[in-house]
Every structure is written in structure tokens, then in C-alpha cells.
Amino acid sequence: MAASHNLVFPVEIFSQIIDRASERHPNYYGFLSEEQVATLGACGLTCRFLHHLSRPQLFRRVGLQFSNRLVDLMDLLESHPDIKKEIQEVRVFFGNSQWLNDEVYDKFTKHSEHPSKLPAVRYLSMMDGDIYTEGGRVLARPSRISRTILDFCQKIIQSYVKLPTFRSLDIEYNFRAKILPYTALHDPIPTLTELRLVDIDSSSDPELSSYVLPHLGNLQRLTIEDCSRTFMRLISKSTSITDLSLGGDFELFESLPTPTFKLSTLDLRPTDKIEENYLTSGLDFLCKTNQLGFKPIAWLRNLSITIIVVPDDLITVNRMFEDLKYLQSLSVTLSSTFTTTQDLDNGISFSDLELERHIKSSFPSLTSFSFSFPHDTTDPILPKFVDLFSSLTSAQELREVKIMISIVIPGKDGPLYDATTLPSLISIISCSMDIKRLEHLEITLEFSVPWKDSISNIPILSDEMFLREWRSCVLAMERSKNIVLHLCCYPTRTLHTERNRYFTTSQSACISFYPKQAKRPSV
């Protein structure tokens, strides 16, 4: 028998430890937190084996801003050239960045390890945007980006798109650098499989008036959100797209021909303004038969859709649902515009979605369903949703249901919820027990209070009070049905909204229910 001191963990265990320590959080734009950097750095100093595991995670994604830290990075690459191969993702942020002085810029441009020389980049992101102080105020910034920064960005783009490793490009908010998407999409990029363009405007430069978008033959995932007509045409320039995400003003789609790709995933998020919403235009654009004799949505597996205008768009939505015989995952978000008192008084209800009919005939293979909507404590609509939810009992293959309810509290003193909230939640849980194959029901309630500078303490949303309140609510629901529920409450957070004139403090409670383990053991 081998001595105990010779026993070691399998290699896979160490790999999983490093992977777990380097998980990216969306709040950090995919970057590691300071704590994660310290943890991985400590692992790298432990032994040679952990060094080889942790270093790729430390340098996989780098952020470039225009300061002395960028020169420090180039100095590091010069002294450790093998690190260059570890850098696969580059994110450039030029919100309010400027070169510190001519000396720094001159040193940067002449440096032997300019970032454009990285040999293994797979992903490039370039983003402009506002910079905030700790108090939530927007920092002033120049109306134009300096020529030096534009030259840097263009050089980076022109270099990376030629790399055999390059796969993904993300450009967001180009109003101060309108040339960037034109530079990136000047020529075909054979290796590009994912493209994301958000808040992209056209250039007024007369030299670009004859600009023609390239054909992107291998593009599989495309996100177009709040873009000008020039870049909307990208949808017609690829035949291989399987994952499509569209946002903004859908009226622009009316002039485009029906695409010839076969979608498996579709996300539709029209602008959240009734007077500017053209969801029907986007749906018609994708639901028509193209020149090859099929509809782009005919093979759709996953659909996420935001509905704002009712009932005009619902007619088209219901017609679209009839073509989704392969659909497995459906996510519906109802905007606050949908659930206004005025709309409900006009006879609009959740039943207009005709969900029961579609589950039985249009997409009988549905396995996952998600539904998000706002609930007003002064004009509750949650009981109306219960009627829609009861139609899910006819779903034969449904395994998972997620419900997201946004509740705006009228003031810092509440009430936290109205008299219909708990009975409606109990009804939803009861209905879920009648869904034949359901394995998991998740109900998330997000409570928020908007306020100005004069209010900062929201007692009913404090962590201690909120948790105590919802523990008692869940216990009451458990006792009423003799079931077991799982409660998770998230820490209070405050966000700046409406260009920082208002703040929003919010708290979330997540209730999970597993029907297969529904009954509480008898005592």
C-alpha cells in the first residue's frame, strides 16, 4: 500500500479550484476582482504546476485605458514575452481617457510591445461611455476623442481582425468615434463568429458615403441594438447566423429583405417607448418566407421577447407562435407600458397571449418558460397573472418555470406588498404542482423605491428587516400547503437612474420550489 504522504489530488481537482477562483462576475465586465487577482497570484507562487494553471486566468482578459498603466503593461510584456500568448481578450475603454502628455504618448507609440502585436487575441471590445464619481455624478468629458486615441483604436482593430485566432468583436457607443465600426468591417473577416454592435451611429464623412458592408460568411451570433440603418443591413449580409439579438427601433427592418439564415436562438427587445416601438415590423421581417422558401424562425429553439404595445403586437406575436413547433425555451417580458391602468381598462389582459392554445398545439415540446412583468401595489395585476399561469398545467414536457415580478413601492414606508401578493403566490405554487413534469419553480420578487437626494435610508428594504419579513411570509406559505420552499434574499443595492437625478434602492427575494420534493415530512 502506498504511504499516505505520497497521495495527491487528481490534476482535475486543481484545475477546478483555479477555474472556480477565476469565475468572472458580470458587474466587473468580465474582469477579475482584486480579491480574485490576489488569490490567483498566491496560487501561482505556490508551485510550478499551479503557476501554469493560474497565469492564463490572470492574463486571459486585459483592459486598456490611456494612462501610464498601459505603458506599464507593455513593459511587463517586454520583460516576460511569453505572457503575450496568454492574452486572449482585450477590452478598450475610452470614456474620458486622454494621453497624459506628449512624452507618454511618444514612449507608447515607439514601444516594442505595442498592444497591436498581441498574437493570440480572440475577443476585442471597444466601448465609450460615461464616467461616474463615487457620488453618482457624471464626470465632464471632451465632446471629441483625440486623434491619438482614434489612431490607437484603429491600429488595434486592423491588427486583430487579421489574426487566425480572432473570433469575436464588440463595439459599443461610437458617437465620439464613428469611424471605428467602419474600420472593423471594412473587409470580410473570415474567422469572425460573433459580432455585437450597440448604440452605433453612421458617419457623416463623405468619404464613407459609398461604404458597403462585407459579407460575413461564418458569423453565427449577431447582436444589433440601437444601431443606424447602415449597420442594420448586416443581418442581410450573413447566411450562417443561428443566434440573433435585436434591440431598438424595429421600424428600420421594414426595408430589409427577409434573411436566409436558420435561427435557433432569438432575442427581441424593442425600445421601451410606445411612440417608437415597432415590434411588429421586426416580427414580420423574420416570419416571412424568404427567397429560398423557408422562414428564418422555423427551426427556433429559444425565444426571448419583450412586449410593449398591446394589442397591435400581440396579433403578430400569436401568429409568430404558431410557427414555432420546435420551441423548447420561451422567455416573455412585459414592459411597464403593457400593464398600465389605461391598457387594462381597454380590455387587455394576459389571456391575449393565448398561451394555453400555443402550448397545446404550437410548441408542445416546451421545457423552459420564463415570464417577467411589473406589479403595482396601488393597482395590482398579479391575480390576473395567476389565470395565465394556470394554463401551464397543459404543458406535457415543461421542466422549469421562472417568474420575475418587479414591484415599485410607493414610498420609503411601504407597504412592501399588497393584500393580493401572498394569495397569488400560493395559487401559483399550487398550480405548479399540477404541471406533470415540472422540476423547478423559481419566483423572484424585486422591490424598489425611487428617491432623490433627500432620502437615503429605506427601512423596509434594509437587509435585516427585509429578510425577517420574507422568512415569515415563506413560513406562512409552507404551512398553508404543507410544502417545503427555499428562500434566498439578495443584499440591498442602490442604482443611479435618469442621468443621476434619481436613485433607486432595491431588494430581491427569490423563492424556489421543487414539486418532486413538495411535501413536508409529517411529524
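**View 1. Asp170 and Arg196 joined by a salt bridge in the predicted model.** In this predicted model, the side chains of Asp170 and Arg196 form a salt bridge with an N to O distance of 3.1 Å. Asp170 belongs to strand β4 (residues 168-172) and Arg196 to strand β5 (residues 194-200), so the bridge ties together parts that are 26 residues apart in sequence. Asp170 is buried, at 7% relative accessibility, whereas Arg196 is partly exposed, at 29%. Arg196 also forms a salt bridge with Glu172, where the closest N and O atoms are 3.2 Å apart. Glu172 lies in strand β4 and Arg196 in strand β5, so this pair ties together parts that are 24 residues apart in sequence. Glu172 counts as partly exposed, with a relative accessibility of 21%.

**View 2. Salt bridges elsewhere in the structure.** The whole structure contains 23 salt bridges. One of them joins the side chains of Arg20 and Glu23, at 3.6 Å from N to O. Arg20 is exposed, at 60% relative accessibility, and Glu23 is partly exposed, at 46%. Glu397, Arg399, Arg437 and Glu439 are linked in a salt-bridge network.

**View 3. Phe373 and Phe385 as an aromatic pair.** The count of aromatic pairs comes to 14. In the pair of Phe373 and Phe385, the ring centres are 4.7 Å apart and the planes stand at 35°, so the pair is tilted. Phe373 is in strand β11 (residues 368-376) and Phe385 in helix α13 (residues 382-390), so the pair ties together parts that are 12 residues apart in sequence. Both residues are buried: Phe373 has a relative accessibility of 2% and Phe385 one of 0%. Ring pairs link Phe373 and Phe385 with Phe369, Phe371 and Phe389 into a cluster.

**View 4. Phe447 and Trp470 as an aromatic pair.** The ring centres of Phe447 and Trp470 are 5.7 Å apart, with the planes at 45°, so this pair is tilted. Phe447 in strand β13 (residues 440-451) and Trp470 in helix α15 (residues 463-481) are 23 residues apart, and their pairing links distant parts of the chain. Phe447 is buried at 0% relative accessible area, and Trp470 is buried at 0%.

View 5. Lys262 lies over the face of Phe294, at 5.3 Å from the ring centre. The charged end of Lys262 also sits over the ring of Trp299, 4.6 Å from its centre. Thr258 is found in the loop between β7 (243-248) and β8 (265-270). Thr258 has a relative accessible area of 19%, so it counts as buried, the cut-off being under 20%. Beyond its neighbours within four places in sequence, Thr258 contacts Phe285, Lys288, Thr289, Asn290 and Pro296.

Terms used. Residues are numbered from 1 along each chain as its sequence is written. This is a predicted model: local features need pLDDT of at least 70, side-chain atom pairs count only at pLDDT 80 or more; totals for chains, interfaces and linings use all residues. Side-chain values use heavy atoms; hydrogens and water are left out. Rings of Phe, Tyr and Trp (its six-membered ring) pair if their centres lie within 6.5 Å; planes under 30 degrees apart count as stacked, over 60 as edge-to-face and the rest as tilted. Helices (H or I, at least four residues) and strands (E, at least two) are DSSP runs, numbered from the N terminus. Buried means under 20% relative accessible area, exposed over 50%, partly exposed in between (1.4 Å probe, protein chains only). A charge sits over a ring if NZ of Lys or CZ of Arg is within 6 Å of the ring centre and within 35 degrees of the ring normal. Contact means heavy atoms within 4.5 Å. A salt bridge is a side-chain nitrogen of Lys or Arg within 4 Å of a carboxyl oxygen of Asp or Glu.
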